[in-house]
Structure formats: C-alpha cells, structure tokens
Amino acid sequence: MSSNSQTNVSNNPFDIFVVGARKGFNIAINNLLPNVLMAYVIAEILNLLGVMTLLGKVFAPIMGLFGLPGEAITVLLTSWLSASAGTGVAVSLLSKGVLDGHAITILAPAIFLMGSQLQYMGRLLGVADVPKKYWPLLMLTSLFNAVIAMLIMRLFA
C-alpha cells in the first residue's frame, strides 16, 4: 500500500483548530490584506488629488440623510467592489478624523449588506445560471437593504 494514497485525518480538536487557523491566516494574508491595502492607497490618492473633498461636497446632502459626512460615499462605493476594501477606506477616514465611531457604526451594516457585489455577480450569479434579467433586481435589493440598515442605525446608534 502506497503512503501517498493514504491521508491522515485527525479528529483531535486541537489539530483541527490549528489547520483551520492556518487556512484563516492564508486567507487573511492572500485575500483580505491586499484589498485593505488597495483601499488605503485609493483613499490616499483620492485625498491627494482633492477628489475626496469634491465627493464630500457633492454627496453631503445625500449622506447627510444618514447622519454622515459626504466623504462616506467612498466607503460605500469601495464596499460595492470589495467589503474588505470598503472597511479599509472606512478605517482610513477614521484615522484622518473624517469619520468617527458613530459614523462607522452607521456604515458597518451597509458595508456587509452590499459588499463585494461586483465580485460576486459573476462568481455566484453566473455560476448558478441565474438569468441576467434578474441581476439588477438582486443588486438593487442589496442596495435597498443597505439604505434601510443605515437609516435604522442612524436612529438607534
């Protein structure tokens, strides 16, 4: 019997934990960290080019409905691309004093309700053979849920 064809599987909870921790570490290093780093870079570029200030002024009335500064729109836009990137932008704006803990509390549910839609559109909806005519409705449902969540968080946060 070849040792290559036999796999050692341990039922020891400590071994299972260590294997899971290694997998989690690899996901964090290979998937999450690059997205968060990209978000910091995007936030800095937008800030240096003055785009953040422009977005803040343009979207101030809309974001004001949620009790947020206009610059918070960048968190939502980047969250739509990647939830971890949106989180990175939120932390960047928090460190600059543009957002505070209250604003992060309002934004957090929206980040995860609408997060990564563009990434998942092809990966999930395409693979599941969901007819493309339903894709906009599914995207709008997530955005609508995010808006409701921010309004609720504004009331109770």
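**Note on helix packing and the nonpolar core**

1. In this predicted model, a contact joins two helices: Met52, Leu55, Phe59 and Met63 of helix 2 meet Ile73, Thr74 and Leu76 of helix 3. By residue class, this contact comprises six nonpolar residues, one polar residue and no charged ones.

2. The geometry of this pair may be stated as follows. Helix 2 spans residues 51-64 and helix 3 spans residues 73-81; their axes lie 9 Å apart and form an angle of about 95°. Angles of 65 to 115 degrees count as roughly perpendicular, and helix 2 and helix 3 are therefore roughly perpendicular to each other.

3. Gly56 also belongs to helix 2. Gly56 has a relative accessible area of 7% and is therefore classed as buried, the cut-off being under 20%. Leaving aside residues up to four places away in sequence, Gly56 touches Gly70 and Glu71. The C-alpha atom of Gly56 is separated by 7.6 Å from that of Ala72, a residue 16 positions apart from Gly56 along the chain.

4. The largest nonpolar core has 23 residues. Those touching the most other members are Met63, Leu68, Val75, Leu76, Leu99, Leu107 and Met150. At least two residues of this core come from each of helix 2, helix 3, helix 4 (83-96), helix 5 (101-114) and helix 7 (135-156). Helix 5 gives the most, with six residues. Two of the residues named here, Met63 and Leu76, also take part in the contact between helix 2 and helix 3.

5. With residues up to four places away in sequence not counted, Val75 touches Gly86, Val89, Ala90, Leu93, Leu99, Leu107 and Ile111. Among these partners, Leu99 and Leu107 are, like Val75, listed with the core residues that touch the most other members.

6. Ser92 lies in helix 4. Its relative accessible area is 1%, so Ser92 is buried. Beyond residues up to four places away in sequence, the contacts of Ser92 are with Tyr40, Ala43 and Glu44.

7. A remark on annotation is in order. The unreviewed UniProt entry lists residues 37-60, 101-122 and 134-156 under "transmembrane region".

Terms used:
Residues are numbered from 1 along each chain as its sequence is written. This is a predicted model: local features need pLDDT of at least 70, side-chain atom pairs count only at pLDDT 80 or more; totals for chains, interfaces and linings use all residues. Side-chain values use heavy atoms; hydrogens and water are left out. Axes are lines fitted to C-alpha atoms, for helices over the stretch in contact, and angles run from 0 to 180 degrees between N-to-C directions. Helices (H or I, at least four residues) and strands (E, at least two) are DSSP runs, numbered from the N terminus. Angles under 35 degrees count as roughly parallel, over 145 as roughly antiparallel, 65 to 115 as roughly perpendicular and the rest as oblique. Contact means heavy atoms within 4.5 Å. Ala, Val, Leu, Ile, Met, Phe, Trp, Tyr, Cys and Pro count as nonpolar, Asp, Glu, Lys and Arg as charged, and the others, Gly among them, as polar. A nonpolar core is a set of buried Ala, Val, Leu, Ile, Met, Phe, Trp, Tyr and Cys residues joined through side-chain atoms within 4.5 Å. Buried means under 20% relative accessible area, exposed over 50%, partly exposed in between (1.4 Å probe, protein chains only). UniProt positions are given in the numbering used here, feature names are shortened, and annotations may be inferred rather than shown by experiment.
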